[in-house]
Amino acid sequence: MTAWRVLIVEDDAPMRVFFAASVRDHPGLELAASVDSVAQACAWLDREAGNPVDVLLVDLGLPDGSGLDVIRHARRSHPECEALVVSMFGDEDNVLASIEAGALGYVHKDATPEDIAGTILEMKGGASPISPLIARRVLARCRDLGARPTPAPPNAAAPLADD
(Lines give C-alpha, C1' and ligand atoms only; values in the text may rest on other atoms or scores of the structure.)
Protein backbone atom coordinates (compact mmCIF):
# COMPACT_ATOMS: atom_id res chain seq x y z
CA MET A 1 0.00 0.00 0.00
CA THR A 2 1.29 3.43 -0.93
CA ALA A 3 1.16 6.03 1.82
CA TRP A 4 -0.74 9.32 1.34
CA ARG A 5 1.75 12.22 1.14
CA VAL A 6 0.88 15.11 3.49
CA LEU A 7 2.01 18.75 3.36
CA ILE A 8 1.51 20.57 6.67
CA VAL A 9 1.15 24.37 6.63
CA GLU A 10 1.04 25.64 10.22
CA ASP A 11 2.78 28.63 11.80
CA ASP A 12 2.39 27.51 15.44
CA ALA A 13 5.51 25.40 16.05
CA PRO A 14 4.07 23.08 18.75
CA MET A 15 0.99 22.36 16.60
CA ARG A 16 3.18 21.76 13.54
CA VAL A 17 5.30 19.28 15.53
CA PHE A 18 2.14 17.56 16.85
CA PHE A 19 0.68 17.22 13.33
CA ALA A 20 3.99 16.01 11.88
CA ALA A 21 4.39 13.38 14.60
CA SER A 22 0.83 12.14 14.04
CA VAL A 23 1.50 11.80 10.30
CA ARG A 24 4.91 10.17 10.76
CA ASP A 25 3.55 7.67 13.28
CA HIS A 26 0.92 6.30 10.89
CA PRO A 27 2.01 3.73 8.31
CA GLY A 28 -0.64 4.93 5.82
CA LEU A 29 0.75 8.46 5.76
CA GLU A 30 4.03 10.05 4.70
CA LEU A 31 5.14 13.54 5.73
CA ALA A 32 6.04 15.29 2.47
CA ALA A 33 6.96 18.58 4.17
CA SER A 34 6.08 20.87 7.04
CA VAL A 35 6.19 24.63 6.48
CA ASP A 36 5.01 27.72 8.34
CA SER A 37 3.90 30.29 5.75
CA VAL A 38 1.98 30.87 2.54
CA ALA A 39 5.20 31.69 0.68
CA GLN A 40 6.95 28.50 1.82
CA ALA A 41 3.91 26.36 1.01
CA CYS A 42 3.48 27.81 -2.49
CA ALA A 43 7.22 27.53 -3.20
CA TRP A 44 7.21 23.89 -2.05
CA LEU A 45 4.15 23.10 -4.19
CA ASP A 46 5.81 24.71 -7.22
CA ARG A 47 9.09 22.81 -6.68
CA GLU A 48 7.22 19.52 -6.25
CA ALA A 49 4.86 19.98 -9.22
CA GLY A 50 5.86 16.58 -10.65
CA ASN A 51 5.76 14.90 -7.24
CA PRO A 52 2.14 14.72 -6.09
CA VAL A 53 0.97 15.63 -2.63
CA ASP A 54 -2.24 13.92 -1.58
CA VAL A 55 -3.25 15.93 1.49
CA LEU A 56 -2.85 19.56 2.46
CA LEU A 57 -3.25 20.09 6.21
CA VAL A 58 -3.49 23.86 6.48
CA ASP A 59 -4.07 26.60 9.03
CA LEU A 60 -5.91 29.71 7.82
CA GLY A 61 -4.14 32.36 9.91
CA LEU A 62 -0.59 32.44 8.63
CA PRO A 63 1.94 35.24 9.17
CA ASP A 64 2.09 36.22 5.49
CA GLY A 65 -1.49 35.67 4.41
CA SER A 66 -4.35 33.22 4.40
CA GLY A 67 -4.28 29.46 4.16
CA LEU A 68 -7.07 29.93 1.59
CA ASP A 69 -4.38 31.11 -0.84
CA VAL A 70 -2.43 27.90 -0.23
CA ILE A 71 -5.55 25.80 -0.86
CA ARG A 72 -6.22 27.61 -4.15
CA HIS A 73 -2.57 27.28 -5.20
CA ALA A 74 -2.55 23.57 -4.35
CA ARG A 75 -5.72 22.98 -6.38
CA ARG A 76 -4.05 24.58 -9.42
CA SER A 77 -0.66 22.88 -9.09
CA HIS A 78 -1.78 19.57 -7.53
CA PRO A 79 -5.44 19.05 -8.51
CA GLU A 80 -5.52 15.61 -6.86
CA CYS A 81 -4.63 17.14 -3.48
CA GLU A 82 -7.38 17.23 -0.84
CA ALA A 83 -7.31 20.04 1.74
CA LEU A 84 -8.15 19.71 5.42
CA VAL A 85 -8.29 23.01 7.34
CA VAL A 86 -7.23 23.06 10.99
CA SER A 87 -7.82 26.57 12.33
CA MET A 88 -8.77 28.73 15.29
CA PHE A 89 -11.24 30.57 13.03
CA GLY A 90 -14.57 28.83 13.52
CA ASP A 91 -16.95 31.42 12.13
CA GLU A 92 -19.25 30.61 9.22
CA ASP A 93 -17.52 33.02 6.83
CA ASN A 94 -14.14 31.31 7.19
CA VAL A 95 -15.65 27.84 7.01
CA LEU A 96 -17.64 28.62 3.88
CA ALA A 97 -14.69 30.44 2.29
CA SER A 98 -12.55 27.36 2.95
CA ILE A 99 -15.10 25.09 1.33
CA GLU A 100 -15.40 27.44 -1.65
CA ALA A 101 -11.58 27.45 -1.97
CA GLY A 102 -11.61 23.66 -2.12
CA ALA A 103 -11.30 22.33 1.44
CA LEU A 104 -13.00 18.99 2.06
CA GLY A 105 -12.82 19.17 5.84
CA TYR A 106 -12.57 21.74 8.62
CA VAL A 107 -11.42 21.01 12.15
CA HIS A 108 -11.34 23.69 14.85
CA LYS A 109 -8.04 23.71 16.76
CA ASP A 110 -9.88 23.74 20.09
CA ALA A 111 -11.46 20.43 19.06
CA THR A 112 -8.49 18.95 17.24
CA PRO A 113 -8.68 15.19 17.52
CA GLU A 114 -5.83 13.50 19.34
CA ASP A 115 -5.22 11.48 16.20
CA ILE A 116 -5.05 13.90 13.29
CA ALA A 117 -3.84 10.97 11.17
CA GLY A 118 -7.21 9.29 11.64
CA THR A 119 -8.99 12.45 10.50
CA ILE A 120 -6.80 12.63 7.39
CA LEU A 121 -7.53 8.97 6.60
CA GLU A 122 -11.28 9.55 7.07
CA MET A 123 -11.07 12.35 4.50
CA LYS A 124 -9.08 10.19 2.07
CA GLY A 125 -11.75 7.52 2.59
CA GLY A 126 -14.44 9.86 1.30
CA ALA A 127 -15.59 11.67 4.46
CA SER A 128 -15.66 15.42 5.00
CA PRO A 129 -14.57 15.76 8.62
CA ILE A 130 -15.97 18.85 10.34
CA SER A 131 -15.77 19.66 14.05
CA PRO A 132 -19.20 19.39 15.67
CA LEU A 133 -19.07 23.03 16.82
CA ILE A 134 -18.35 24.20 13.29
CA ALA A 135 -20.99 21.93 11.78
CA ARG A 136 -23.58 23.36 14.17
CA ARG A 137 -22.70 26.94 13.20
CA VAL A 138 -22.82 26.22 9.48
CA LEU A 139 -26.10 24.33 9.80
CA ALA A 140 -27.61 27.22 11.78
CA ARG A 141 -26.55 29.65 9.07
CA CYS A 142 -28.02 27.45 6.34
CA ARG A 143 -31.22 27.10 8.34
CA ASP A 144 -31.41 30.89 8.75
CA LEU A 145 -30.86 31.38 5.02
CA GLY A 146 -33.58 28.83 4.24
CA ALA A 147 -36.05 30.64 6.49
CA ARG A 148 -35.80 33.85 4.50
CA PRO A 149 -38.51 34.39 1.89
CA THR A 150 -37.30 33.89 -1.65
CA PRO A 151 -37.79 37.04 -3.72
CA ALA A 152 -39.62 36.78 -7.05
CA PRO A 153 -37.35 36.83 -10.10
CA PRO A 154 -36.87 40.40 -11.37
CA ASN A 155 -38.63 39.83 -14.69
CA ALA A 156 -41.40 37.58 -13.49
CA ALA A 157 -44.59 38.02 -15.43
CA ALA A 158 -47.60 39.28 -13.52
CA PRO A 159 -50.34 36.72 -13.01
CA LEU A 160 -53.02 36.80 -15.66
CA ALA A 161 -56.39 38.18 -14.60
CA ASP A 162 -59.55 36.26 -15.39
CA ASP A 163 -61.68 37.98 -18.07
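The legends below describe several close-up views of one predicted model.

This is a predicted model, in which local features need pLDDT of at least 70 and side-chain atom pairs count only at pLDDT 80 or more, while totals for chains, interfaces and linings use all residues. Residues are numbered from 1 along each chain as its sequence is written, and side-chain values use heavy atoms, with hydrogens and water left out.

View 1. Helices (H or I, at least four residues) and strands (E, at least two) are DSSP runs, numbered from the N terminus. Read from the N terminus, the elements follow the order β-α-β-α-β-β-β-α-β-α-β-α-α. Of the 163 residues, 43% count as buried, where buried means under 20% relative accessible area, exposed over 50% and partly exposed in between, with a 1.4 Å probe and protein chains only. Among contacts (heavy atoms within 4.5 Å) between residues at least 6 apart in sequence, 70% join residues at least 24 apart.

**View 2. The open sheet contains 5 strands.** Their order is β2-β1-β3-β6-β7, and the pairing is parallel; two strands pair if DSSP finds at least two bridges between them. The edge strands, each pairing on one side only, are β2 (29-35) and β7 (103-108). From one strand to the next the twist averages 20 degrees. Strands of a sheet pair through backbone hydrogen bonds, either parallel or antiparallel.

**View 3. Strand β7 pairs with β6 (residues 82-87) in the parallel sense over 5 bridges.** Within this pairing, Ala83 has Ala103 of β7 as its bridge partner, and Val85 has Tyr106 of β7. Because 5 of the 6 residues of β7 are buried, this strand is largely enclosed by the rest of the structure.

**View 4. Helix α2 (residues 38-47) and α3 have axes that come within 10 Å and cross at roughly 5 degrees.** The two helices are therefore roughly parallel to each other, a description that applies to angles under 35 degrees, whereas those over 145 count as roughly antiparallel, 65 to 115 as roughly perpendicular and the rest as oblique. On the α2 side the contact is made by Val38, Ala41, Cys42, Leu45 and Asp46, and on the α3 side by Asp69, Val70, His73, Ala74 and Ser77.

**View 5. Gly102 sits in the loop between α4 (92-101) and β7.** This glycine is buried, with a relative accessible area of 13%. Apart from neighbours within four places in sequence, Gly102 is in contact with Ile71, Arg75 and Ala83. Although Gly102 and Arg75 are 27 residues apart in sequence, their C-alpha atoms are 7.3 Å apart in space.

**View 6. Pro129 is found in the loop between α5 (116-124) and α6 (132-147).** This proline is buried, with a relative accessible area of 10%. Not counting residues up to four places away in sequence, Pro129 touches Leu84, Leu104, Gly105, Tyr106, Val107, Thr119, Glu122 and Met123. Pro129 and Gly105 are 24 residues apart along the chain, and their C-alpha atoms are separated by 4.7 Å.

Technical notes. Axes fitted to C-alpha atoms, helices over the stretch in contact; angles between N-to-C directions.
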